[in-house]
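Student: Could we go through the pockets of this model, setting each value against its definition?

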Amino acid sequence: MARGPKLTKQQQRHVDRRRRVGRTPSGDDLLAGVVVAHHGHDLLIEDDARELHRGRARRTVGRLATGDRIRWCHDDHGHVIVEKREERSNLLVRPDAYGKKKLMAANIDQVIIVTAPLPWMNPEVVERTLVAVLALPARPLILLNKADLLGETPPGELEEIEAALALWQRLGFAVIRTSVKTGEGMDELKSELAGRSSLMIGLSGVGKTSLTRVITPLAGDAAVGEISAFNREGMHTTRTSTLYRFADMPGGLIDAPGLRDFPIDQVPEAVLDDAFPEIAEAARYCRFNDCRHRNEPGCAVRAGVEEGTILARRLRQYQELLKTD
Ligand code: GDP
Ligand code: ZN
């Protein structure tokens, strides 16, 4: 028997509520979910059955990003409460206009580096982005859009584009060609998207919006409607990223407004070696273990450049990135 004075009904309710608040639901009570959009403290989460719910997170959860996998439950009023966040595989952070760190997206499986013959393709820009993607870490997918325009591309530019695509493919990176205009490569793109959470990056005018328009009908219309209604309400705050899930296959596309470039700070040497595998391979035969491939005698990498098996621009880029550490 409980001791102490008998409580009024109101007091008892208060005690019950305190007990509930103090209680941390066990893992079994919690449901799985993913943050698909957020503004301020308001979250839009998707559960395992792909239902969308509006909710809020406990203070102890910390800042959440689009793509965060979370655990949630209903409180006594039927509100969705996020209780905890699962560990992230990666987190893309960018400073906002005020220099404050903005969480762009979490758990990005793949970054699609979109290029096109028009306005132009710069292999060095693609390769720098590739390094940043590998450093995230995420899978890079190099996509050449506007393949229908290759026939009208000046021969010199065409040669440069074809050589770069062939090299990246030879080095083991995923490369696809698409055309929004003719539909070329769309099936291949779809299979590269399946089961992955992807994000697109590329110069303005390469066709990211057009590609997204082809891909997002894959997301259910109802979900898109609910998500855009949610985002409209958040327009007074700065717009944050949205994760659009595909209706007919697992995976999704992250729309990250304002994400223009993919900066590189510190690149671990292992990441550089993944991005420049031909240089890493040749470096095994340099006379000195710590060879920087500049003026050292017995440098197998410089020998490779002279023999034409390694591109001089790739070595230059590698050395520039090596300097930042
Ligand atoms: P974004 O700035 O990367 O989002 O590029 P947009 O999607 O706005 O596309 C820029 C321009 O390129 C638009 O005029 C599109 O119609 C055009 N465009 C996009 N994809 C293709 C394509 O595959 N072939 C051709 N010829 N034009 C395209
Ligand atoms: Zn060397």
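Student: What makes β8, α2, β11, α5 and β13 suppliers of the lining of the second largest pocket?
Tutor: In this predicted model, β8 (110–115), α2 (123–135), β11 (197–202), α5 (208–215) and β13 (252–255) each supply at least two residues of that lining. Helices (H or I, at least four residues) and strands (E, at least two) are DSSP runs, numbered from the N terminus. Local features need pLDDT of at least 70, side-chain atom pairs count only at pLDDT 80 or more, and totals for chains, interfaces and linings use all residues. Residues are numbered from 1 along each chain as its sequence is written, and side-chain values use heavy atoms, with hydrogens and water left out.

Student: Which residues are the closest to the centre of the second largest pocket?
Tutor: Of the 33 residues that line the second largest pocket, Met200, Ile201, Gly202, Lys208 and Leu259 are the closest to its centre. A pocket is an open set of points on a 1 Å grid over the protein atoms alone, where a 1.4 Å probe fits, with protein on both sides within 12 Å along at least five of seven lines, and lining residues have an atom within 4 Å of a point.

Student: How do the residues of that lining divide?
Tutor: They divide into 18 nonpolar, nine polar and six charged, where Asp, Glu, Lys and Arg count as charged, Ala, Val, Leu, Ile, Met, Phe, Trp, Tyr, Cys and Pro as nonpolar, and the others, Gly among them, as polar. The lining of the largest pocket divides into 10 nonpolar, nine polar and 12 charged.

Student: Which strand gives the most to the lining of the largest pocket?
Tutor: β7 does, with four residues.

Notes
Chains lettered and ligands numbered in written order.
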